[in-house]
Amino acid sequence: MREVNKQELEQRRLIIIAVMLLFFGILIYGFVSLQVSKKDFYAQKSLDNSVRKVTTLPVRGLIKDSKNKILVDNNASFYVAVIPKVISDSTTRQLTSLLNLDSNEIENITRKQYGFRPVKIAHDVKYETIIFLEENRLKFPGVITSLEPKRFYRENIFSPHIFGSLGEVTADESRKNSSYEQGDIVGKTALEKKYDLDLRGSKGADFFLVDASGRELEILNTDRNINPIHGSNLHLYLDYSMQQFAESLMVDHRGALVALDTRNGGVIALVSKPDYDPRHLSGKIDSDVWNKLLTDESHPLYSRSIQSVYPPGSTYKIVAAIAALEENIVTPDWKVTCPGYYKLGRKTIKCWNATGHGTVDMYGAIKGSCNVYFYKLGLKIGLDLWAKYSSLFAFGTPTGIDLPNESKGLVPTEAFFNKRYGLNGWTKGNLANLAIGQGELLATPLQIAQFSMIIANKGVYYKPHLLNYMVPQGSGSKTYFPTNAQYITGISDANYDIVREAMRQVVDGGTGWLGKVPGVEMAGKTGSAQNPHGDSHAWFMTFAPYKLPEISVAVIIENGGGGGAVAAPIARKFMEKYFYNKLIPRPAPKKEEPDTVVAPIDIINFEPIEIFNDPLLEIDQD
């Protein structure tokens with residue numbers, strides 16, 4: 001019996017020891033958890049309850065032109081913030097009523113935020129409202145008013161598709177960039193978006209001790225405060241006077257004008273019309289104005305210069321010419337007789353010149369923009385080579401300009417046609433259309449300007465760029481946009497010389513004669529691209545001076561009609577401003593303006609036929 005009691009006592013002792021060990025283990029775990037693992041969390045909670053961090057916003061960087069003219073500046077704007085730990089539901093409702101905000105939305109925001117950190121709920125608040133809140137501060141506990149920068153555009157500064165707009169950061173943007181915080185104003189479009197991280201600078205912070213009711217008591221420690229850093233200034237390549245002039249030429253048109261420096265890819269002008277006043281989107285956006293912009297059938301929010309894609313029309317005949325020369329399919333002496341039409345299968349396709357061009361070689365075909373010549377040439381080239389050279393000249397790929405949301409266009413391939421029309425369901429009509437820049441082929445005005453630069457430089461080109469250099473505030477150092485030259489290999493200078501000479505003749509008495517600047521030798525190509533939504537789009541691309549090119553220009557006027565009649569004179573006036581800084585008076589035209597409208601083939605009514613070994617080609621070859 002005594003032995004039994006002794007064993008029970010030993011068991012109880014062990015149990016007690018185990019319980020005590022477990023107890024102390026839990027205590028140690030809790031201590032480690034509080035003091036080590038979750039130290040930062042609880043320290044932050046403690047700071048949130050006792051210390052208020054007041055963010056000091058940096059001044060957003062300026063945007064200037066090549067002559068150091070300030071294009072986009074800042075001025076002050078008021079914002080309202082609330083302290084979630086302090087503000088009551090009744091105060092929230094009064095405040096949201098005053099600011100015309102959705103109280104449920106604000107309550108949802110503040111519920112997700114704890115502590116004494118201010119949460120912005122309204123930007124660009126009227127001065128009278130700020131005065132009212134300050135005069136009635138005791139009635140609005142937990143409400144803060146302060147200043148932040150707001151974009152300011154000086155008189156006669158527009159170009160919204162270059163500068164872009166600002167807006168409050170979204171949840172998705174915050175997830176993608178950890179430096180963005182709720183309430184931040186960030187770049188939404190164009191340069192403001194592309195260079196947002198450089199323009200916005202770095203936020204500063206002041207720290208204040210607060211009491212349990214959120215009232216500021218004193219500065220915590222001035223050494224802890226962080227000074228904001230001014231955003232970097234952007235210096236653009238363009239002289240804004242040229243941009244303004246280009247915009248004046250495009251008033252009352254729908255379309256785009258793009259001018260590039262062929263020596264480095266710098267953007268001299270980038271116009272998209274119609275557009276809008278950037279001041280409408282520089283602060284609090286009026287809902288009526290916004291809805292009007294969204295529903296405007298002319299789509300002023302859309303940058304036609306880099307986002308719109310069009311069939312390039314006869315400007316694209318240069319691609320077909322180079323492909324045929326480089327692959328030794330034809331020589332420049334290869335001739336075609338154009339009676340004003342071409343029979344393809346059971347279809348008769350008209351040339352723009354109903355009376356015909358007669359017998360023309362490659363020079364004559366480009367100078368007169370003969371469709372019959374290029375119908376036949378396109379069929380000889382074939383789809384694969386045509387697509388190869390289209391891609392070689394960077395069509396179907398974004399140029400990489402320093403603007404977001406650039407379209408890449410479309411270069412149809414055999415795989416594309418098989419997918420669209422079914423295996424071998426596409427026709428010679430598709431191919432002939434491509435050779436004259438019609439059909440499924442699509443390009444942006446910027447791509448056409450870049451193509452003109454490539455031809456001007458015989459294969460050398462540079463990434464188009466608006467930024468020339470960037471200057472961090474106070475540093476004085478300049479960070480230049482990298483302009484490494486790119487080169488298209490596999491095309492001989494001799495073949496470039498052939499198409500360049502033909503393009504010179506286009507301006508010197510050909511379809512682009514209305515684009516010629518007196519005293520400046522230049523080259524160009526007209527185009528008139530049919531579209532299913534109205535009159536043809538008018539195209540003109542050009543470069544000059546012919547021997548030592550400085551500038552390439554592409555102009556498109558939506559539904560403008562003939563490229564030589566409508567787009568070429570606009571490009572000419574821009575070039576006159578560039579070379580002479582004035583317009584050159586011209587005598588009244590005596591020559592009958594050619595109609596260069598391209599007639600695309602109605603591919604819908606074609607029966608699928610064999611693409612190659614077409615007997616018609618043998619009959620019509622000269």
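## Terms and model

A residue counts as buried with under 20% relative accessible area, as exposed with over 50%, and as partly exposed in between, using a 1.4 Å probe and protein chains only. By that scale lysine 458, at 25% relative accessibility, is partly exposed.

The model is a predicted one, in which local features need pLDDT of at least 70 and side-chain atom pairs count only at pLDDT 80 or more, while totals for chains, interfaces and linings use all residues. Residues are numbered from 1 along each chain as its sequence is written, and side-chain values use heavy atoms, with hydrogens and water left out.

## Salt bridges

Let's begin with the charged pairs. Side chains of opposite charge can pair when their charged atoms come close. Across the whole structure, a search finds 26 salt bridges, each being a side-chain nitrogen of Lys or Arg within 4 Å of a carboxyl oxygen of Asp or Glu.

One of them joins arginine 151 to glutamate 192, with the closest N and O atoms 2.7 Å apart. This pair links distant parts of the chain, since arginine 151 sits in strand β5 (residues 143-153) and glutamate 192 in helix α8 (residues 190-194), 41 residues apart. Helices here are DSSP runs of H or I with at least four residues, strands are runs of E with at least two, and both are numbered from the N terminus. Arginine 151 and glutamate 192 are both buried.

## Helix α19 and its partners

Aspartate 497 forms a salt bridge with lysine 458, and their closest N and O atoms are 2.7 Å apart. Aspartate 497 belongs to helix α19 (residues 493-507) and lysine 458 to the loop between α18 (445-456) and β17 (460-461), so this bridge ties together parts that are 39 residues apart in sequence. Aspartate 497 is partly exposed, at 35% relative accessibility.

Glutamate 501 is partly exposed at 21% relative accessibility, and arginine 504 is buried, with a relative accessible area of 18%. Elsewhere, salt bridges that share partners join Arg60, Arg151, Glu181, Asp184, Glu192, Asp196, Arg200 and Lys203 into one network.

Glutamine 505 also lies in α19 and is buried, its relative accessible area being 19%. Leaving aside neighbours within four places in sequence, glutamine 505 is in contact (heavy atoms within 4.5 Å) with Tyr363, Lys367 and Gly510. Its C-alpha atom is separated by 9.0 Å from that of methionine 522, 17 residues apart along the chain.

## Two helix pairs

Two packed helices are described by the angle between their axes and the distance between the axes. The axes are lines fitted to C-alpha atoms over the stretch in contact, and angles run from 0 to 180 degrees between N-to-C directions. Helix α3 (residues 89-99) and helix α4 (residues 103-111) pack at about 130°, their axes 9 Å apart. That makes α3 oblique to α4; angles under 35 degrees count as roughly parallel, over 145 as roughly antiparallel, 65 to 115 as roughly perpendicular and the rest as oblique. Here Asp89, Thr92, Arg93 and Thr96 of α3 meet Ser103, Ile106 and Glu107 of α4.

Helix α12 (residues 317-326) packs against helix α14 (residues 371-381) at an angle of about 50°, with axes 10 Å apart. This makes α12 oblique to α14. In this contact Lys317, Ala320, Ala321, Ala323 and Ala324 of α12 meet Asn371, Phe374, Leu377 and Ile381 of α14.
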